[in-house]
Amino acid sequence: MQNQQHGEKLSLNGDPKPTAKRTGSDMSPPRKAQKPRLDAASPDPTNTTHTTQSLISSALETLQKSCSDVLPTDRIHALLTGTSELPVLRDEEKHVISEFCVNESLAETFLSVILEKIKVERGFMGHDLLQSLCRVYVGMCQQRGDSHKAHALVYRLLKEDFLEAPKVIMVMATAWPSFLSYESSLCRAIHIVSNLRAKGKIFHLLTKYLHWDEEPPGNIHNAITSTLKSFLEDSSLRFLENSWYGYDLCPATWNYIFSLDLLCAQMGWTWTITNIIRKW
């Protein structure tokens with residue numbers, strides 16, 4: 001992950017630098033909120049906001065009504081035996097994706113709505129709806145060429161120990177089969193933790209479609225060591241000016257941090273000043 005902006009160099013061993021505040025769960029540096037505009041020529045912001053809210057409500061209702069388990073037991077068996085192909089996006093999901101990818105502002109708004117809905121309704125949301133929301137989310141990320149946000153959602157599912165997280169990850173792969181094929185420390189961490197969490201037929205399904213049989217995810221202890229080493233030696237890391245906080249970490253730095261956070265959480269380790277910061 002390469003950032004072309006110039007900023008103050010990040011030092012992990014030297015003098016104190018400006019305090020960086022952790023960004024939201026999508027790990028992208030926050031920016032000022034913009035009102036979604038469906039019609040750039042519209043003179044009435046209130047009407048535009050109302051239209052956006054109506055679109056969101058309609059989309060969520062559509063997904064709620066059309067959702068079902070993407071990977072029931074018989075489908076998993078068929079996929080493992082090679083008698084079935086990966087399920088594609090439903091027409092309703094495709095429609096929602098196309099409706100919200102018409103412009104940047106509208107897409108960002110709906111992606112945020114999905115994340116918030118997953119967060120708020122986690123305890124009582126049906127698993128079928130969670131699958132559909134995640135498929136739409138990753139489908140929108142594919143349309144926008146944003147693997148970073150897709151990986152961030154997987155990070156959240158694993159870090160927060162969502163029920164059947166490995167199955168949901170496999171469901172997301174049905175919407176964008178190659179979304180975990182990127183070379184990044186976070187993507188590698190996702191493979192390692194998913195490999196450790198998955199059980200039974202879901203493990204075999206992930207092994208087949210994420211190609212773990214050809215390229216095993218690796219050892220978690222080695223991954224923590226190598227990620228920390230890369231983090232400490234990466235001279236490209238910078239503090240960047242941020243309109244909200246004054247200074248923030250660059251995306252590459254957040255990538256290292258979230259990778260280590262996920263790996264350490266799997267080990268039951270805690271990020272504290274005693275365990276991590278003072279050792280630097």
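Mentor: The discussion below sets computed values against their definitions.

Mentor: This is a predicted model, in which local features need pLDDT of at least 70 and side-chain atom pairs count only at pLDDT 80 or more, while totals for chains, interfaces and linings use all residues. Residues are numbered from 1 along each chain as its sequence is written, and side-chain values use heavy atoms, with hydrogens and water left out.

Trainee: Why is Leu115 called buried?

Mentor: Buried means under 20% relative accessible area, exposed over 50%, and partly exposed in between (1.4 Å probe, protein chains only). Leu115 has 11% relative accessibility, so this residue counts as buried.

Trainee: What makes Ser194 buried?

Mentor: Its relative accessible area is 1%, and therefore Ser194 is buried.

Trainee: Which backbone oxygen lies 2.7 Å from a polar atom of the side chain of Ser194?

Mentor: That oxygen belongs to Ile190.

Trainee: With which residues is Ser194 in contact, leaving aside its neighbours within four places in sequence?

Mentor: Contact means heavy atoms within 4.5 Å. On that basis, Ser194 is in contact with Leu158, Ile169 and Trp212, neighbours within four places in sequence being left aside.

Trainee: Which residues touch the most other members of the largest nonpolar core?

Mentor: A nonpolar core is a set of buried Ala, Val, Leu, Ile, Met, Phe, Trp, Tyr and Cys residues joined through side-chain atoms within 4.5 Å. Of the 79 residues in the largest one, Phe100, Phe110, Met172 and Phe179 touch the most other members. Leaving aside neighbours within four places in sequence, Phe110 has contacts that include Ile56, Phe100 and Met140.

Technical notes. Polar contact = N/O pair within 3.5 Å; in protein donor to acceptor, adjacent residues only side chain to side chain.
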